[in-house]
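Subject: Structure for you to look through

Dear colleague,

Please find below the structure I promised to pass on, together with its sequence.

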Amino acid sequence: RGKSIFLTKAKCATCHAGPLLTDNSLRTPREIGIDDFEAKRSPTGKYRTPPLGGLFARAQGGFYHDGRFATYGDVINHYNQKQALNLTPREKQDLVEYLKSL
């Protein structure tokens, strides 16, 4: 169920696509709804879409470059609000379980 939500309603696969679960594109901080603190340190001023394979191995320090989101749920809630996805609590939990499997 989580994979289905990832691919459809949650729109994750829009950026996290292909075998590495990334389109390897650059995104502005505004596009992803966060500040530009880390982006300002790069030559482009943007964030690269990170691959999600092995995501579980990076979970301990929090997500995003600076650990601003402590849990999968925090990331999901961020995009649920930013993109008005209207995910139900069950869909969010299914998505969390899918992300944990990557």
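This is a predicted model: local features need pLDDT of at least 70, side-chain atom pairs count only at pLDDT 80 or more; totals for chains, interfaces and linings use all residues.

Leaving aside residues up to four places away in sequence, Ala13 touches Phe6 and Leu7, where a contact means heavy atoms within 4.5 Å. Ala13 itself has its place in the loop between helix 1 (2–7) and strand 1 (26–27), and here helices (H or I, at least four residues) and strands (E, at least two) are DSSP runs, numbered from the N terminus. Residues are numbered from 1 along each chain as its sequence is written, and side-chain values use heavy atoms, with hydrogens and water left out.

As for the chain in general, it has 4 helices and 2 strands, and from the N terminus on these elements run α-β-α-β-α-α. The C-alpha trace spans about 40 × 25 × 25 Å along its principal axes. The radius of gyration, taken over C-alpha atoms, is 13 Å, which agrees with the value near 13 Å that a compact globule of 102 residues would have; the globule rule is 2.2 Å times the number of residues to the power 0.38. Of the 102 residues, 35% count as buried, a word that means under 20% relative accessible area, whereas exposed means over 50% and partly exposed lies in between (1.4 Å probe, protein chains only). Among contacts between residues at least 6 apart in sequence, 50% join residues at least 24 apart.

The next topic is charge. Side chains of opposite charge can pair when their charged atoms come close. By the rule that a salt bridge is a side-chain nitrogen of Lys or Arg within 4 Å of a carboxyl oxygen of Asp or Glu, the count comes to 7 salt bridges.

Which parts of the chain does the pair of Lys9 and Glu91 link? In this salt bridge the closest N and O atoms are 2.8 Å apart, and the pair links distant parts of the chain, since Lys9 is in the loop between helix 1 and strand 1 while Glu91 is in helix 4 (residues 89–101), 82 residues apart. Lys9 is partly exposed, with a relative accessible area of 32%, whereas Glu91 is buried, with 18%.

Asp23 is partly exposed, with a relative accessible area of 29%, while Arg27 counts as buried at 13% relative accessibility.

Within helix 4, Glu97 and Lys100 lie 3 residues apart, about one turn of the helix, and they form a salt bridge whose closest N and O atoms are 3.1 Å apart. Glu97 is partly exposed, with a relative accessible area of 38%, and Lys100 is partly exposed as well, with 41%. Finally, Arg1, Arg90 and Asp94 are linked in a network of salt bridges.
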